[in-house]
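Thanks, everyone. I will keep this brief and go through the model that is now coming up on the screen.

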Amino acid sequence: MTSADLLVLIKKHPIGFACGVVCLACAALLYFRGGKTEEYRAEYDAKSTEATRILANVRNSEKLPTQVAEIQVLAKEMESRLVRSGQLAVNLQYFYKLEAETEVKLVDVRQGNPPKGQKSLYAGIPFTVTVQGSFKQVLAFLQKLENGPHFCRFNAVVFAKQGGGGEGGRTVAGDAGLNLNINLELLGVP
């Protein structure tokens, strides 16, 4: 077959020849790009994961203003519960108020210095408290500290019988007196 015969055949069947050329081009393209299937699959998976994450962010952003408002309210509440180490009178007033509520005798209350060199925004402000009273009163004092408005951590709690309080070591009310020594920390700002 010569080129003249081939040219006549192409002119006689142009659609068939065009389809043959397109099939050969597709076969060559498939052959050369077929080795990159795993690469394309990995790229597809990465983009699909990113699209899923973006859609989740868009869905979650609908609730964002209400969540920010809730967090701001909780942050203000937490700030109100913090102790300021520089406000000695206010801090000691808290213990005097507990003394009045629980009817214990506050023997000694001392505020220590917060630890130096902490790079934290908040620190435990140490206190040493000594109270006297009946078992019920002392326990009520402990419960008020634990459930009070400030974040409290007890480091050491020592109960001891009160010595020489009356006849046979008893108080006037008939209940054995106790001394309670507490080392505690209230969460605060140094």
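Tyrosine 94 and phenylalanine 95 are both buried in this predicted model. Their ring centres lie 5.4 Å apart with the planes at 65 degrees, so this pair counts as edge-to-face. Phenylalanine 95 also pairs with phenylalanine 127: here the centres are 5.1 Å apart and the planes are at 55 degrees, so that pair is tilted. Phenylalanine 127 is buried as well, like phenylalanine 95. In total the structure has two aromatic pairs, and Tyr94, Phe95 and Phe127 make up one aromatic cluster.

What does the second pair tie together? Phenylalanine 95 belongs to helix H5, residues 88-102, and phenylalanine 127 to strand E3, so the pair links parts 32 residues apart in sequence.

That brings me to E3. The strand covers residues 123-134, and nine of its 12 residues are buried, so the rest of the structure largely encloses it. Which strands does E3 pair with? One is E2, residues 105-111, antiparallel over six bridges. Another is E5, residues 177-189, also antiparallel, with 12 bridges.

Two bridges as examples. Lysine 105 is partnered by glutamine 132 of E3, and threonine 130 by asparagine 181 of E5.

Threonine 130 itself lies in E3. Is threonine 130 buried or exposed? Its relative accessible area is 16%, so with the cut-off at under 20% it is buried. Beyond neighbours within four places in sequence, threonine 130 contacts Lys105, Leu106, Val107, Asp108, Leu180 and Asn181.

One last item, on a charge and a ring. The charged end of arginine 81 sits over the phenylalanine 151 ring, 4.0 Å from the ring centre.

Notes. Residues numbered from 1 in each chain as written. Predicted model: local features only at pLDDT ≥ 70, side-chain atom pairs only at ≥ 80, totals over all residues. Heavy atoms only, no water. Buried < 20%, exposed > 50% of the residue type's maximum accessible area, 1.4 Å probe, protein only. Helix = DSSP H or I, 4+ residues; strand = E, 2+ residues; numbered from the N terminus. Pairing = 2+ DSSP bridges. Contact = heavy atoms within 4.5 Å. Phe/Tyr/Trp six-rings, centres within 6.5 Å; stacked < 30°, edge-to-face > 60°. Lys NZ or Arg CZ within 6 Å of the ring centre and 35° of its normal.
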